[in-house]
Structures are given as C-alpha cells and as structure tokens.
Amino acid sequence: MTTITIENIKKSFGDADILKSVTLDIKDQEFTVLLGPSGCGKSTLLRIIAGLETQDSGVIKIGERDVSALPPRDRNVAMVFQNYAVFPHLTVFENIAFGLRMKKVSDDKIKHNVERTAELMHIEHLLSRYSGQLSGGQRQRVAVARALAVEPDVLLMDEPLSNLDALLRLQMRSELKNVLEESKTTTVYVTHDQVEAMSLADRIAVMNEGRIDQYDNPDEIYRNPATEYVGGFIGNPPMNFLTSPHWSNSAPDGAQKLGIRPEDFLVSMEDQVGYLPVQIQTIEKLGSHQQLTSELEGQGLRINIASELPVQQGGILFLQPKPEKMRWYDVRGEII
Amino acid sequence: MKMDTNNQRESEPTPDVVANYTSTKKVWRWLFISSAAFLIAWVLFPIYLLVVSALSSADVVNGWPKSFIPEFDLETMTFFMNYYGVLAALKNSLVAAAFTMIISIGLGTPAGYALARFDFWGKEAFRMIILLTRAFPMPLLALPLAVIFIQVGLDDTLFGLSLVHASLALPFAVLITASLFLGIPVELEEAAWVLGCNRWQAFYKVVMPLALPGLTASAVFAFVISWNEVFAAAVLTINNQTLTAFLVQSLSASPAEVKFAGGLILILPALLFLYVVRKYLFSMWGISNR
Ligand SMILES: Nc1ncnc2c1ncn2[C@@H]1O[C@H](COP(=O)(O)OP(=O)(O)OP(=O)(O)O)[C@@H](O)[C@H]1O
Ligand SMILES: [Mg+2]
C-alpha cells in the first residue's frame, strides 16, 4: 500500500541498451500493467523494481523510501514468477508461510495469514500437498497466495497467466482482479497480451524498445494513442495510419499521418459529399460486425462495419472518418 | 468422404506387416535381455567367485575342482581380520575416505554453484583446467608429490593422502554439483530472495534440500574414489597405510584365500555405498528407475 516512483532508470546488457531512461509514477493501490512486445524490457524493469537486477543509473522509490541500492529482501515487495517458482520440497502451507517465517512472525499469525490467503485463492483444501501434486492453475494460485501472505507494499507479477490454458486464464484474470482490488496492494503486472492489460489495468504503461510511450488508463490509451507505435500495438485490428489523406484540410500544423480506428468511419453505399471510395479486398464476417480490408489511394485500410451492410468482395464502399475520432501524428510519430 | 475411408484403409497395417513388426520387436527384446544378462554376469560373476573364495576354507580355495557354493567357513575371514595391521589399515582407509569426502564436497559444492550460477571471467578455462587435473596419471604425480609432502611435513599423514585423493575426486564433485545446480531453476532462488532470504539463506533453505540427493551421491563417489585408490596411497604412506596400500604390499606373498578375503573387504563398502545411493546416481545420469 504505497506509491512507486521510478526515475530515469537505465539498463544495458553488454552493448544492448535495454532500458533507455524509464520514468513512471505509480499511485497508491494502483494496478499498473507493463505492456509491450517480447524483448522490449518489461521483465527487466520489473526485476529492477524487485531488486533482482541492478539498474545502471536512476532511482527507485517505494513510498518515500529510496530502495535503489537495497537487496530484494529489504524492499518489502513480493513477486509472482511466470513459471510460479513454487518450492517443490515444501508443502503448500509452508510455501505460503515461507516469507512470514523469514520475518520471524509468530506461529499464530502465520497460521492465520496462510489460511486467510489460501481461502482468498481457493486453495485451502490443498495446504498439505506438494507442488508436484498440483495442476498448473493450482500452482499459480499458490504463487499468488505466497506473495499476498507477506502483506507486501508492492506486488510484482511477470506474465503470471501465460502458462495457463485459455479458459483458465480468463477465469484467473477476473479472480485476480477481485483479489487484488480487495487487498489494496499496489501492483505492477507484466504482460504482452493487450486484452489482459486492458481488462486488468487501472493504468497501462506501453513499452517500446526500452521506453515508455504512454502511461494512461486503458480508455485513454485506446482513444488517444500517444504515439503511432501505441496505436499500432493496441486494438485488434490496430489503428490505421494514412499518409497525407484527402481529409487533411482539418489537419493541424506539422501533421504527417492520420490515425483512425477501424470502427471510427461513417460508411455509405453511395457517393456523398466528403466521402471517398475504397475498394474492398477481403471481408471477414465476425457476427457482431464485419471486418474489411480495403485500399484507399494505394494504402491499406482496415474498417469495421455493421454486419447487415450488403458489401461484396471487390466492390466499392464510400467512407469518411468521424471528425472527433481523427488523431494526427507528426514526423516522429507523436500525437499532435 | 470416400477419400477418407480410402486413406484409412491404406494407413491400416495389413496382418502380414503386423506379424512382421511384432516378430522384429521380439528379436530386439530377446537381444536386449540377453545383452543385459551378459553384462550383469560380466560384473557379478567375479564378485560371486570372490565371495565364494573368501568364505571358503583354504583347502577348498586351493583345491580342484572348484566349488561354486560357499561353505560359509569363516576361518579365512577371521584369520584375515586378525592379521596384524589389517584393522589399522581399515580404519586409515575410512578416515582418508571421510576426509576426501569432506574436502571434495566442501570445495566442490561452492565451485559447482559458481559454475552454474555466475558468469565470470575465465569460466570456460576454469572448466577445462578442472578436467585437466585428471589428465596426469597418478604414477607420474606420486613421486614429486611425495617429495613435496616430505618437504612440508605432510608425508605419511592421512590428511596429506586425502588431499591427493580429493584432487582426484574434486573434478567430478565440481562438474556433478554444477549440473545439479543448473537443474534447479534460478527463479526458486529469486523467489526466496524476494521473500526475505539473503543468498546464503536461500541456498540452504531452497537449493540445498533440492540438491541434497545429488550432493550425497557425489560425496559417496568421492568416498569410493579414495577407498579404491592404490598408487598414491602406497607411495605416500608408510606407517599410516590404507587398506589398499596394505593389501598390495603385505599380501603379495600371502596365500590365495587370504587375498580373496582382503579383496572382499575392499569391495564391500563400495558396493554397499553404491547400493544405497543408486537412485541418485541414476537420476544424476538421467536414468529414471521408477
Ligand atoms: N541477463 C541478461 N543478459 C543479457 N541480455 C539480457 C538479460 N536479460 C535480458 N536480456 C535482454 O534484454 C532484452 C529485454 O528482456 P526482457 O526479459 O526484459 O524482455 P521482455 O519484455 O520481458 O520480453 P518477454 O515478453 O519475451 O518476456 C532482451 O533482448 C533480452 O535478450
Ligand atoms: Mg519477460
């Protein structure tokens, strides 16, 4: 239950600059998701917060405490690893109790805490088992319970759901959200799954090659991507980016590209004023809507339209972006 | 649909093929069993003969035809055990082997851990040099070592001998423990660090319990290496002879039945130990016995 301040963190491995000056202010009790493609440095940043990796420069504060030079054990953080890292030689009970025993907490309190967190994670019937006798999902629950049992200031999770099957992942996702809301622990959660990020996060930090492009709530990230990269990473299909389109008369100074989401078009079957014709290349019917791939002035364009519109492959459709949904990006790919 | 059934029929093996297949399988099985039996006999037969001879009276051992059934005549064994110097040598062997075990585990474990967990300058060279210590044959090393031991006053001590034996056992200890530690995920240690352990605590609370079976196996391995070693023991000790050195020197002129008794005493602890840790040796070599 505290804030995390990350200031100008830099880290390189050999010649490779993995983190290029990362700054983040995470609020008390906030659920922050670090989102980015594989290899962008999410785990590295998380491990630096945990103290498992040492930054080259920069400051990490947990609350008012500068923990930059402290070993992991003195940071009062807890971490859930991608492969769970449940100790195989200890029972589930002893796994959950591990951190408390290290803190020399009384046996009564240990028993109480272990049972409470086990209940929270619905594993109270597994306390005497060993990790070899658990399923992946159960192991995952043990790992989270073990982390919560120590009542950490900060909870760090590195792709905790990625080893679960799709159904279990959905279930654990909503359960995690509830549990963490209840525990009021400031959480940093790493994933490369944007749906997971959108559904869990209070704020998402989108990482791109060792930088944070945008740190904002999911709606804002979706509606106003701070950079071309964010727009192109988030959304399925992602935002369209058009160079010098016909609709440029409303463009601000320095605008290079128009960013527009596939669902943000006004569509017409006939030519109208301000509408441009596009040629439909492929149609994917998705039930709730149709997803079109089309071409406008030699540039690819993805459009989502209502499922009842009678479009045909190779046919022509007329469209105009909704003015309030148009976003303009400059030469460096930043929003204007 | 038609295509499908066709395909199915084609991929179904005809009875002929099945019969052929099972008969080749049978041949392989038979080959496997007979070679296993041959290997087992290869190892067990000499041991069996040794046991029979050690437990038989002198007349039977030296007589003809040989008997394959032990008489359980303990006369030879008793004679051997009472032979002057045997008990002292037995004790010396145990002490030297215990020292060797302690030294090679005490040094080998940290070295193995370092090889498994850290990237340091010269790591590959270190690995090579460890193996190189086994490149020099003991006969070549024993005499210079004896000279050095006399100079520093380690000659004819069990500790000095243990040092030499440890140098034989250490390469194995280091490489075995390194692969043991490599098999234990770093995340387990990291989880322990985050939960409040320092490096040492994480090691003995998490890594040690997981590595213990393997560590035991490599300790026993060190024990057996020292127990079986003859050359250095014979050259480096005079009054404090180990059993192997004693047998080589004192028994060369003894009657056959006494040699057999000595041989049995020599191989017993090794067999016993290997039996006790066989599970870990198997897991160490990636063979599962379950
Ligand atoms: N100990 C290390 N030594 C050298 N390079 C490393 C080390 N750890 C990470 N890297 C490199 O740093 C980059 C970022 O790694 P990181 O694990 O932070 O990525 P990530 O964003 O978590 O990716 P993923 O989604 O695949 O887990 C990678 O290119 C990786 O190869
Ligand atoms: Mg990662």
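Modeller: Residues are numbered from 1 along each chain as written, while chains are lettered from A and ligands numbered from 1 in written order. The model is predicted, with local features needing pLDDT of at least 70, side-chain atom pairs pLDDT 80 or more, and totals for chains, interfaces and linings using all residues; side-chain values use heavy atoms, without hydrogens and water.

Colleague: What makes Ser38(A) a polar contact of ligand 1?

Modeller: A polar contact is a pair of N or O atoms within 3.5 Å; within protein, one must be able to donate a hydrogen and the other to accept it, and residues adjacent in sequence count only if both atoms are side-chain atoms. A side-chain N or O atom of Ser38(A) is 2.4 Å from an oxygen atom of ligand 1, so the pair qualifies. Lys42(A) has a polar side-chain atom 2.8 Å from a ligand oxygen, and for Glu159(A) the distance is 3.2 Å. The protein covers 57% of the 630 Å² of accessible area that ligand 1 has on its own (Shrake-Rupley method, 1.4 Å probe; for residues, only the protein chains shown count as cover).

Colleague: Which element gives the most to the shell around ligand 1?

Modeller: Helix H1 (residues 42–50) of chain A, with 3 residues. Helices are DSSP runs of H or I with at least four residues, and strands are runs of E with at least two, numbered from the N terminus.

Colleague: How do you know that S1(A) and S2(A) pair?

Modeller: Two strands pair if DSSP finds at least two bridges between them. Strand S1 (residues 4–13) of chain A has 7 bridges to S2(A), so they pair, and they run antiparallel. Ile9(A) stands opposite Val22(A) in S2(A).

Colleague: Why is S2(A) called an edge strand?

Modeller: In the open sheet of order S2-S1-S4-S5 (chain A), S2 (16–26) and S5 (65–66) each pair on one side only. H1(A) packs on that sheet, touching S1, S2 and S4 (57–62) of chain A, where contact means heavy atoms within 4.5 Å.

Colleague: What is the angle between H5(B) and H12(B)?

Modeller: Helix H5 (residues 86–117) and helix H12 (residues 243–250) of chain B pack at about 145°, with axes 7 Å apart. Axes are lines fitted to C-alpha atoms, for helices over the stretch in contact, and angles run from 0 to 180 degrees between N-to-C directions. Residues meeting there include Leu90(B) in H5(B) and Phe246(B) in H12(B).
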